[in-house]
Amino acid sequence: MHIPDGFLNIATVATTYAVSAGGVGNAVRIANKKLGERQVPLMGILAAFIFAAQMLNFPVAGGTSGHLIGAALAAILLGPWASVLIMSCVLLAQCLIFQDGGLLALGANIFNMGIVASFSGYYLYRLVTSLLGNSRRGKLIGSFIGAWGSVFLASIVCAIELAVSGASPIGVALPAMAGIHALIGIGEGLITSAVLSLVLVTRADLLKLQRI
Amino acid sequence: MKIKWWLIALLVCLAVASFSPLASSSPDGLERVAEDKGFIDLGQEAPFQVIADYVFPGIENEAVATILAGLIGTLILFAVAYTLARLLVLRKKKPI
């Protein structure tokens, strides 16, 4: 879902840069207050894993592929503000080094895949685990739903940005983006709950860290 | 000596990156929509290229070039996020 340059108009570029700059600034402030020694290696590992996993496009329907966003996974393990920082690192590197996602579109990409996906994934996960109980089963179902919802919502926000920019009318962009990402989100959900299940088996203590 | 857990995790991440040549080359969700709805041509090339499209430049074998790009990126991301987190923790303890 990395938006290249050219899809967004100047007003959308400026707005999303301003909002994302504010969001990342806030994430730095909060992480500076709450981040502890034990979270440091996990921050590095999550950024590395999300970058690597994002390279593995999996096929979905009709000659289309999708890949992990990873924001829900990071937010479930470390909290949404830490996830915003991790996603910003990944998206900045992808933009500057790998020419994936435009320079002007970076603000929108951080907003969609960093801020929107982290917070929606995190709070959907929290909602489900509070309804189903914070058991292994609750966590795995919660991570699937949180991850699916994070992709779905990010794609809707992306469609709105495309529509506001005049790239594609909302009536066209919204159903198309939401439809295909409802499928891609299933992959996100499966990967996120599989990784969470691996963490629960190997390092369950990581889930007891304070969320940021 | 007990091996640090994150060293093993980093090796797993590098292993994941080395599967990258097997990734689907079909357009992703947004590209598919852009093609189908006729706005893909609005897209502009980046003004500069470093390791564009996850293919390390100057290597003939594309699978090797992709794996190399993936390994480099994975290590860079680990280093950047680890350092950022470390600085955020350090600065808290010694306010400037």
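## What counts as buried

A residue is called buried here if 20 or more other C-beta atoms lie within 10 Å of its own. The structure discussed below is a predicted model, and the burial of its residues is judged by that cut-off.

## A helix enclosed by the rest of the structure

Helix α3 of chain A, which spans residues 71–78, has eight of its eight residues buried, and it is therefore largely enclosed by the rest of the structure. The buried residues of α3(A) are A:A71, A:A72, A:L73, A:A74, A:A75, A:I76, A:L77 and A:L78. Which elements cover these buried residues of α3(A)? The cover includes α2, α4, α5, α6 and α7 of chain A. After α3(A) comes A:G79, a residue with a positive phi, near 105 degrees.

## Overall build of chain A

Chain A contains seven helices and two strands, and, read from the N terminus on, its elements follow the order α-α-β-β-α-α-α-α-α.

Of the 212 residues of chain A, 63% count as buried. Among the contacts in chain A with a separation of 6 or more, 73% are made by residues 24 or more positions apart.

## A:L124 in helix α5

A:L124 lies in helix α5 of chain A, which covers residues 106–132. With 24 other C-beta atoms within 10 Å, A:L124 is buried, because the cut-off for burial is 20 or more. Leaving aside residues up to four places away in sequence, A:L124 touches A:I145, A:G146 and A:G149. A:S143 is 19 residues from A:L124 in sequence, and the two are 8.2 Å apart in space, C-alpha to C-alpha.

## The side of chain A that touches chain B

In the predicted model, 55 residues of chain A are in contact with 48 residues of chain B. The elements of chain A that give two or more residues to this side are α1 (10–34), α2 (39–54), β1 (58–60), β2 (64–66), α4 (80–96), α6 (136–164) and α7 (170–202). The largest share, 12 residues, comes from α2(A), a helix that is also among the elements covering the buried residues of α3(A). By residue type, the side of chain A that touches chain B divides into 36 nonpolar, 16 polar and three charged residues.

Key. Residues are numbered from 1 along each chain as its sequence is written. Chains are lettered from A and ligands numbered from 1 in the order in which they are written. This is a predicted model: local features need pLDDT of at least 70, side-chain atom pairs count only at pLDDT 80 or more; totals for chains, interfaces and linings use all residues. Helices (H or I, at least four residues) and strands (E, at least two) are DSSP runs, numbered from the N terminus. A residue is buried if 20 or more other C-beta atoms lie within 10 Å of its own, exposed if 12 or fewer, and partly exposed in between; C-beta atoms are placed from the backbone. Two residues are in contact if their C-beta atoms, placed from the backbone, lie within 7 Å. Ala, Val, Leu, Ile, Met, Phe, Trp, Tyr, Cys and Pro count as nonpolar, Asp, Glu, Lys and Arg as charged, and the others, Gly among them, as polar.
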